[in-house]
Amino acid sequence: MSVRVGILGATGAVGQRFIQLLDDHPTFDLAAVTASSESAGETYREAAKWRVDTPIPADAAEMEVAETTPEGIADADVDLLFSSLPSGVAAEVEPAFLEAGYVVSSNSSNDRMAADVPLTIPEINPDHLDLIEVQRDERGWDGALVKNPNCSTITMVPTLAAIDEFGLESVRVSTLQAVSGAGYSGVTSMEIIDNAIPHIGGEEEKMETESRKLLGEFDGAEVALHDADVAASCNRIPTLDGHLENVFAEFAEDPSAADLREAMRSFEGVGDLPSSPDQLIKVFGDDEPERPQPRLDRTYADGMGIVAGGVQSTDAGAKYNCLAHNTIRGAAGASLLNGELLVEEGYV
């Protein structure tokens, strides 16, 4: 089955990752790329200022950039849209595409916590996708909007889902986040070199709320947030890619470090989705306490996997470290995987 797709906001950092990941995809064929009106009419090569560490795909390079409106892509015969728009722009633009009947898998942060919008990681909560039916009834459109979580949230939540069987009650997390998460111009070299910035605007709230929605129960009409208490401290450090996080969890039960490692290792991926790793979480043992590390481990499973290590039992519960590639698994790859789930479940 071939599905024609488009990218809204294709020239930015996450949009470029979409272009990279869609090259030779077994299901998706790139049919449209959009950007601001200033770039409309240019070739993608001219508009994008390519910065990804692999060559720009030849077919995408010569595509004409369209304006980010339903009219701009009307002739492209697109089945599915991926959105990497800034959240303020997405809040204004995405509804027009949804009202026009498009299905949108969006990385943008707007509406992630809306009651009728699925916030989805296919390996964690694929059943939440059925919120689309509630969404269509509530909003009266033929399209569908699905969101993936924030890049720091998606690093931690798969590990929490794996160990929730022990009665997860509270989570404390401190992040060490790469500069690519802020976009190419988001953090200047004078700010970050020889430095760490102990604040990322809005990031802590996203981790604290999105994680509870992702781990929550869907009853066919709404999602009840998970009961766990979650608190986050988010920090920017001078690594290029790969968010490393220090997690402290408490449980109703008293699992050993071996129990926790085994639960993470055995947590299943989604084998019938092309972009989901066979083993979602790679776990280092006691013999490698210095792992994971961003430079060494961010490309696990082509950047689509989660890596954990330093798993220890504590008097209060457990502590461990986890890592993911923030612009692949944490952004474009997450939306891509949600798009694959939309196709698998018949929404596209």
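Visitor: Which word describes Arg261, buried or exposed?
Guide: This is a predicted model, in which local features need pLDDT of at least 70 and side-chain atom pairs pLDDT 80 or more, while totals for chains, interfaces and linings use all residues. Residues are numbered from 1 along each chain as its sequence is written, and side-chain values use heavy atoms, without hydrogens and water. Buried means under 20% relative accessible area, exposed over 50% and partly exposed in between (1.4 Å probe, protein chains only). Arg261 has a relative accessible area of 12%, so this residue is buried.

Visitor: With which residue does Arg261 form a salt bridge?
Guide: A salt bridge places a side-chain nitrogen of Lys or Arg within 4 Å of a carboxyl oxygen of Asp or Glu. For Arg261 the closest N and O atoms are 3.2 Å apart, and the partner is Asp286.

Visitor: Which word describes Asp286, buried or exposed?
Guide: Asp286 has a relative accessible area of 58%. Because of this value, Asp286 is exposed.

Visitor: How many residues apart in sequence are the parts tied together by Arg17 and Asp241?
Guide: The side chains of Arg17 and Asp241 meet in a salt bridge at 3.9 Å, N to O. Arg17 lies in helix H1 and Asp241 in the loop between strand S10 (229–236) and strand S11 (243–251), so the parts tied together are separated in sequence by 224 residues. Here helices (H or I, at least four residues) and strands (E, at least two) are DSSP runs, numbered from the N terminus. Arg17 is itself buried, with a relative accessible area of 8%, and the separation of the tied parts is 224 residues.

Visitor: How many residues of H1 are buried?
Guide: H1 is mostly covered. Its buried residues include Val14, Phe18 and Leu22.
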